[in-house]
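Reader: I am new to reading protein models, and I would like to go through this one slowly. Could you take me through a pocket and then a sheet?

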Amino acid sequence: MEDLPDEFEWLRATTWNWNKWNDVTFEADGTFNAPSRECEPRGACRWSAGGRKKRIYILWGEAGLHVLQPSHMVAAKGNTLTGKRLKDKDKCFATFVSKGEIVEEPDLYEILGVDQDATDKEIKKQFRKLSIKFHPDRNPSQEAAEKFEKIRGAYEILSSTDKRILYDTGGMEAVLENEKEEQGGGRAMDPFAAFFGGGNRNQRNSKRGPDSRLQFSVALEDLYNGNSLEAKISRRVVCRGCRKKSKRDTPRCRACGSCPDEMKMVQRQMGPGMIVQQQVQVPSKEKCKNEEVTLDLVIEKGMADGAQITFPRMSEQTPGQIPGDIIFSVKENPHRVFQRKGNNLYMTLDITLQESLLGFTKYFEHLDGHRFEISKSSVSVPNEVLKLKDEGMPVHNFPSQHGDLEVTLNVIFPTSLTESQKAAVRDAL
């Protein structure tokens with residue numbers, strides 16, 4: 001439970017005697033554990049705390065919402081909680097019994113015995129190795145069975161790209177919240193959210209971050225020949241595990257800073273017996289840093305201006321979210337000789353008046369280096385267009401096929417003639 005205010009951290013993992021009836025526990029993960037049918041199965045009852053009046057809220061299954069206030073903000077003997085059940089104003093109280101140890105959640109990478117930067121192939125290979133060793137069919141001991149269940153659970157998360165990112169940036173809580181959201185049709189099935197009007201709305205998965213859209217300039221030669229180009233970006237990443245107390249003083253985590261503030265849902269009392277859920281900005285407890293990343297953009301032959309190249313989940317990271325995509329839009333750079341329209345290429349060729357009358361042959365170097373010929377033996381008129389078959393752009397996805405090259409002839413007329421030239425023209429005509 002990440003939205004608990006710091007001033008209520010003392011309440012986690014504490015046990016209280018309720019109404020001189022039985023002991024109840026405020027579990028560290030937000031579960032309220034009481035020996036009553038309303039709280040079965042585990043997780044059916046939840047607790048939260050906060051607000052200007054520093055109140056504790058318990059959603060006790062069918063029994064409804066209970067609101068209490070502590071006598072002291074400390075987990076110690078003599079502290080009491082007093083309040084009432086809202087639906088019938090029945091008074092309730094609890095006295096402090098004990099505080100349990102808050103155990104950090106197990107590290108899934110340590111369970112599998114792989115590095116946190118391990119590739120999908122390495123994770124799969126290690127899972128197979130451990131499965132052979134601890135599978136109940138090969139090792140029938142109870143200890144091996146328990147070990148195998150942990151291994152299988154760790155692999156289920158780390159072998160899924162989305163779940164692994166959620167785990168890396170928000171721990172098991174982010175993974176479980178995402179599963180609840182998917183089961184609930186797009187919104188987490190938070191009992192407090194349902195009670196306070198959040199309900200189950202059909203929304204876009206809130207665990208998915210926004211996409212980043214960028215332009216990438218590409219030379220016409222690369223669009224003709226195909227190429228692999230590099231794009232360097234800087235993005236925010238969440239530092240996995242650095243929030244854990246046991247790792248805060250490691251060199252890796254000392255280099256990290258705080259993540260941007262996060263939006264959290266909290267409960268606010270608006271009047272007697274009326275509590276609403278509001279979204280507020282709170283400091284993040286995760287650690288972040290900026291990371292320089294080099295992305296390889298594969299430019300395919302014949303790719304169009306404006307074509308998109310997508311890098312899934314490579315946008316900036318936010319704690320507990322699946323990053324959006326980075327989407328590059330190809331921007332074709334102008335070329336000094338050729339212009340492109342679709343699969344065809346166009347160019348303008350300057351010829352002299354003599355060449356327009358007597359014919360010409362000229363050679364040029366194409367975008368891939370091969371030489372091609374433009375020639376005509378008869379008279380050419382200004383702005384006449386010559387079409388060279390299959391000398392255009394490769395057709396995207398069918399690179400053996402090409403468009404055409406259209407050449408517009410630009411006749412350069414002389415600005416003056418000598419007397420002898422004039423006479424030669426008269427004689428020729």
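**The second largest pocket**

Author: By class, the residues lining the second largest pocket are nine nonpolar, five polar and 10 charged, where Asp, Glu, Lys and Arg count as charged, Ala, Val, Leu, Ile, Met, Phe, Trp, Tyr, Cys and Pro as nonpolar, and the others, Gly among them, as polar. This is a predicted model, in which local features need pLDDT of at least 70 and side-chain atom pairs pLDDT 80 or more, while totals for chains, interfaces and linings use all residues. Residues are numbered from 1 along each chain as its sequence is written, and side-chain values use heavy atoms, without hydrogens and water.

Reader: Which element supplies the largest share of the lining of the second largest pocket?

Author: A pocket is an open set of points on a 1 Å grid over the protein atoms alone, with protein on both sides within 12 Å along at least five of seven lines, and lining residues have an atom within 4 Å of a point. Helix H4 (161-183), strand E10 (227-238) and strand E14 (287-299) each give at least two lining residues, helices being DSSP runs of H or I with at least four residues and strands runs of E with at least two. The largest share, five residues, comes from H4.

**The open sheet**

Reader: What is the bridge partner of Phe311 in E16?

Author: Three strands form an open sheet with mixed pairing, in the order E9-E16-E15, and two strands pair if DSSP finds at least two bridges between them. E15 and strand E16 (residues 326-332) run antiparallel and are joined by four bridges. In E16, the partner of Phe311 is Ile326.
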